[in-house]
Amino acid sequence: MQPKQLLIALLICFSFWSCKDDDKKVDTEDLQSIVEPEQKKEFGFVLEDYIVKRDTIRKGDSFGEILERNHIGYPRIFNIAENAKDSFDIRRLQVGKPYTLLCASDSLQTPECFIYQPNSIDYVVIKFADSIETYRGKKPITLVEREASGIVMSSLSETMESQGLPYQLINDMSDIYAWTIDFFRLQKGDRFKIVYKQRFIEDSIYAGIESIDAAYFQHKDESFYAFNFMVDSTKNIADYFDEDTKSLRRTFLKAPVQFSRISSRYNLNRRIAYYGYKLRPHKGTDFAAPIGTPILATANGTVTESRRRGGNGKYVKIKHNGTYSTQYLHMKAQNVKKGAFVKQGDVIGWVGMTGNSGGPHVCYRFWKNGKQVDPFREKLPAAESIPDSLKAQYTEFIKHLKLKLDQIQFEENTIEPPTEEDALTSKT
Ligand SMILES: [Zn+2]
């Protein structure tokens, strides 16, 4: 009888244990799947299951030393490094970058996983609990929609800056409206509204602007809407269109060089000190950029000149159609020959300072019917509208965005209005 009782007692114990065990599992699963699942996970791990040690790579640190400090012996370290090397070179750890050790939650706290973050989004996982596994991951990014508005007192950038809006947003606004509104000639009282998206890593760390989804600009009582719409999802081509499906872009690029700054505008009344303040009209727009910067054709066309002559230095001239030609001066070297057909965005040469040029820049000249004009003041033909096949979809798409824009209230500016003289200076 006794052995039988013992057996029953043991069975009861076992079932009790197993039940308890099961209960526990159910509990943790519940925790993971129902109660705040996102917050407990990082790098794809449930952090609660480990003792988490975080630090940054210090000067003189190496993968081996970090693991050794955490009680992993050298043969093992060598083994881990050997296994990981095809996926990640452990010698590339950079001083100052954060890393995380996930250690067993027992008294030994043996590390089971090393996670390195080369930047705020990407991470590398080296797992070595039993088998060794190395892989890369990205932290989840969430997009948060924001709204902004303002009334221009002097320049757009000052108004936006005074509201703490990031520079990228200012830049995006000038790009969107590059051909529609001359931000150098704004009027006091012009106003804007924007709906845009911010990026956050794991819902908490701000990681910049994703995009402006919709914008509204009121200039001299005229309204200009802009909506960002994906015209070709396979090629990932998105662009800005107005409420009537018309493109906000023109058939010409805004500038023949990227990331440049305008150092001198088209100005028929320019006077230069060096020439005794004599009238020296500037019939081009100068874009300052480092020597060697690619110069792009601002529209499709045929190269009519590619040569070197006098003050122009090395230059290229392109005929776009019966009305317009463009010319690009002071090149370091040309990349196209006379007679060649070029497409918008093709590299036709590189920034230099040949000819009469005080510093590295491209003097961009815009010809209309044989006369040089200011492209920024021209009513240039618009780029293609939304294709007919997408018009219905577009109209539906912008409905709620337009409503959102229309509902934004203008915030009174906190900055003091500038004096008349300060007002309307040429700053975008
Ligand atoms: Zn010039």
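## Close-up views of the chain

**View 1. His-361 and its surroundings.** The side chains of His-361 and Ser-357 form a polar contact of 3.4 Å. A polar contact is a pair of N or O atoms within 3.5 Å; within protein, one must be able to donate a hydrogen and the other to accept it, and residues adjacent in sequence count only if both atoms are side-chain atoms. The model is predicted: local features need pLDDT of at least 70, side-chain atom pairs count only at pLDDT 80 or more, and totals for chains, interfaces and linings use all residues. Residues are numbered from 1 along each chain as its sequence is written, and side-chain values use heavy atoms, with hydrogens and water left out. His-361 sits in strand 23. Helices (H or I, at least four residues) and strands (E, at least two) are DSSP runs, numbered from the N terminus. His-361 counts as buried because its relative accessibility is 10%. Buried means under 20% relative accessible area, exposed over 50%, and partly exposed in between (1.4 Å probe, protein chains only). Leaving out residues up to four places away in sequence, His-361 touches Asp-286, Phe-287, Ala-288, Ala-289, Leu-329, His-330, Val-351 and Gly-352. Contact means heavy atoms within 4.5 Å.

View 2. Three protein residues supply donors to the zinc ion: His-282 (NE2), Asp-286 (OD) and Cys-363 (SG). Donors are N, O and S atoms within 2.8 Å of the metal (3.2 Å for Na, K and Ca); water is not among the atoms, so sites may look incomplete. Along the chain, the donors follow the spacing H-x3-D-x76-C. Both His-282 and Asp-286 are buried.

**View 3. Glu-378 in its loop.** Glu-378 lies between strand 24 (371-373) and helix 7 (391-407). Is Glu-378 buried or exposed? Glu-378 is buried, because its relative accessibility is 18%. Its side chain makes a polar contact of 3.1 Å with the side chain of Lys-368. Beyond four places in sequence, Glu-378 touches Tyr-324, Lys-368 and Val-373.

View 4. The largest nonpolar core holds 26 residues. Such a core is a set of buried Ala, Val, Leu, Ile, Met, Phe, Trp, Tyr and Cys residues joined through side-chain atoms within 4.5 Å. Phe-252, Ile-295, Ile-318, Tyr-328 and Ile-348 have the most contacts inside the largest core. At least two of its residues come from each of strand 19 (313-319), strand 20 (324-334), strand 22 (347-351) and strand 23 (361-368). Ile-348 is in contact with Ile-295, Ile-318 and Tyr-328, among others, when neighbours within four places in sequence are left aside. A second, separate core has 24 residues, including Met-160, Leu-169, Phe-217 and Tyr-240.

**View 5. The largest pocket.** Its volume is about 1,800 Å³. On a 1 Å grid over the protein atoms alone, a pocket is an open set of points where a 1.4 Å probe fits, with protein on both sides within 12 Å along at least five of seven lines; lining residues have an atom within 4 Å of a point. Grid points are joined across faces, edges and corners, and a volume is the space filled by probe spheres set on the points. The lining counts 49 residues. Nearest the centre are Ser-174, Asp-175, Ile-176, Ala-178 and Lys-254. Helix 6 (167-176), strand 10 (205-219), strand 11 (222-232), strand 12 and strand 13 each give two or more residues to the lining. Helix 6 gives the most, with seven.

**View 6. Two residues with positive phi.** Most residues other than glycine have a negative phi. His-71 has a phi near 70°. His-71 lies in the loop between helix 3 (63-69) and helix 4 (74-84). Its relative accessibility is 62%, so His-71 counts as exposed. The phi of Thr-245 is also positive, near 70°. Thr-245 is in the loop between strand 12 (237-241) and strand 13 (261-264). Its relative accessibility is 9%, so Thr-245 counts as buried.

**View 7. Gln-409 after helix 7.** Gln-409 belongs to the segment that follows helix 7. Gln-409 is exposed because its relative accessible area is 62%. Gln-409 and Ala-148 are 261 residues apart in sequence, yet 9.1 Å apart in space, C-alpha to C-alpha.
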